[in-house]
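Good morning, and thank you for making the time. I would like to take you through one model, with the sequence and the coordinates on the screen.

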Amino acid sequence: MAHSLSPVLHGAAYAALGLTGWRYGREEVPAGALARHVAGLGPEWVGLSVTMPGKEEALVLADRASSEAELAGAANTLLRRDGGWYADNTDVHGLAVALEQAGAGQVRRAVVLGGGATARSAVLALRRLGAGEIDLLVRDAVRPATRELLARLAGEPSGPRFHVRALADGIPLDRERADVVVGTLPAGAPAPDLTPGGDRPPVVLDVVYSPWPTPLADAVASATAGRVVAVRGTTMLLHQAARQVELMTGCPAPVREMSTALAAALEEEAG
C-alpha cells in the first residue's frame, strides 16, 4: 500500500544489521493477482510482506504454513523455504506484544470489533494472553473463516468462550465487562456507540495507525473525558515487522533502531 511504513521499518533493520545488499520495496498488487505476482519473482527474493486484501490469497498459494496462519486463515508473511513458499502470520505476535506493552496483563474477557482476517489475528493474540471469554462485534454475518476459527478454539479443552454480537450493541469501557478492546475496523469506519462505566477502563487498541486519531480513538477519549487514550496501531506494526525481519534474515530484530525510524517517519508524516 502506498501509505505503508513497512519499508521504513525493514530498511532501518537492514541498516542496523549491516545487511547492505538487502532491499525492501513496495508494490501494489490487485486482489486476485498475488499468486501470479509471486510466481514471477526471481530466486533473489527471500520473502514478502502482504497487506489486505492479499492475506487470504497468501495462505492459499503457500506450500506450507505456520499453525497460527492456518488458524487465522490468513498470512501477512511469505518466506522462500526449500524451493517453495512458507506462510506465517506475524500480526498475531505484533498484537500480543502491543497489548502487553499497553498494560493488558492477564486478560479475562476481551472485545474485538470486526470479523475479518485482522479480527482473527486479534482473537489468536488474545488467546495467547489467556482470554477466557471474547466478544466479537460485527456489522453483518460472521465470515465463514471467522466462524470456523471460533468453532475450533471453542472446542479446545481450555479454549475461550465466544459471543458474537452486533456492533450496534455498543462497546463496554469497563474492566468488569472487558479487560481489552481491540478495533480491527477499516480506516475511517465510524466508531460504534460506547458505554463507559466504572473506575477501571480497559486497554483499547486500534490496529489502524493512519490517519490518526481514528474515529474509535476520538470516541474513546470523548467517552472517558480523556482518561483513556487508545493505543495506536503503530505498536503492532513495529512488532509484527520485527518478527518478519527475524524470519527473513535469521537475525534478532533491532527493535530500538526500528522504533526510532518509525517515530521519525510519523513525525515527518504529521508535518
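This is a predicted model: local features need pLDDT of at least 70, side-chain atom pairs count only at pLDDT 80 or more; totals for chains, interfaces and linings use all residues.

**Val180 and the cores**

Let me begin with Val180, which touches Leu99, Ala104, Val107, Arg109, Ala110, Val111, Leu126, Pro202 and Val203, leaving out residues up to four places away in sequence. Contact here means heavy atoms within 4.5 Å. Residues are numbered from 1 along each chain as its sequence is written, and side-chain values use heavy atoms, with hydrogens and water left out.

Where does Val180 belong? Together with Leu99 and Leu126, Val180 has the most contacts inside the largest nonpolar core, which has 35 residues. By a nonpolar core I mean a set of buried Ala, Val, Leu, Ile, Met, Phe, Trp, Tyr and Cys residues joined through side-chain atoms within 4.5 Å. Buried stands for under 20% relative accessible area, exposed for over 50%, and partly exposed for what is in between, with a 1.4 Å probe and protein chains only. Two or more residues of this core come from each of α4 (67–72), α5 (91–101), β5 (109–113), α6 (117–128), β6 (133–138), α7 (144–154), β9 (180–183) and β11 (203–206). The largest share, six residues, is given by α6. Helices (H or I, at least four residues) and strands (E, at least two) are DSSP runs, numbered from the N terminus. Apart from this core lies another, of 17 residues, with Ile171, Ala189, Leu194 and Val220 among them. As a general remark, in soluble globular proteins nonpolar side chains tend to be buried together.

I turn to the strands. Five of them form an open sheet with parallel pairing, in the order β7-β6-β5-β9-β11. Two strands pair if DSSP finds at least two bridges between them. At the edges stand β7 (161–166) and β11, each with a single partner strand, so one side of each has no neighbour in the sheet. From one strand to the next, the twist averages 15°. Helix α5 packs on this sheet, touching β9 and β11, and its direction makes about 145° with that of β11. For such angles, axes are lines fitted to C-alpha atoms, for helices over the stretch in contact, and the values run from 0 to 180 degrees between N-to-C directions.

Strand β9 pairs in the parallel sense with β5 over four bridges, and with β11, again in the parallel sense, over four bridges. Are the faces of β11 covered or uncovered? Both are covered: Val203 and Leu205 on one side, and Val204 and Asp206 on the other, are all buried.

The other sheet is also open, with four strands in the order β1-β3-β4-β2 and mixed pairing. Its edge strands are β1 (47–49) and β2 (64–65), each of which pairs on one side only. Strands β2 and β4 (residues 84–88) run parallel and are joined by two bridges; Arg64 stands opposite Tyr86 in β4. Across β1, β3 (77–81) and β4 lies helix α9 (residues 234–249), running at about 10° to β3.

His10 is located in helix α1 (residues 6–17) and is buried, at 0% relative accessible area. Its side chain makes a polar contact with the side chain of Gln244, at 3.1 Å. A polar contact is a pair of N or O atoms within 3.5 Å; within protein, one must be able to donate a hydrogen and the other to accept it, and residues adjacent in sequence count only if both atoms are side-chain atoms.

Finally, the backbone. Most residues other than glycine have a negative phi, and most peptide bonds are trans. A cis peptide bond joins Met52 and Pro53, with omega about 10°, and the bond from Trp212 to Pro213 is cis, with omega near 5°. Asp82, in the loop between β3 and β4, has a positive phi of about 50° and is exposed, at 79% relative accessible area.
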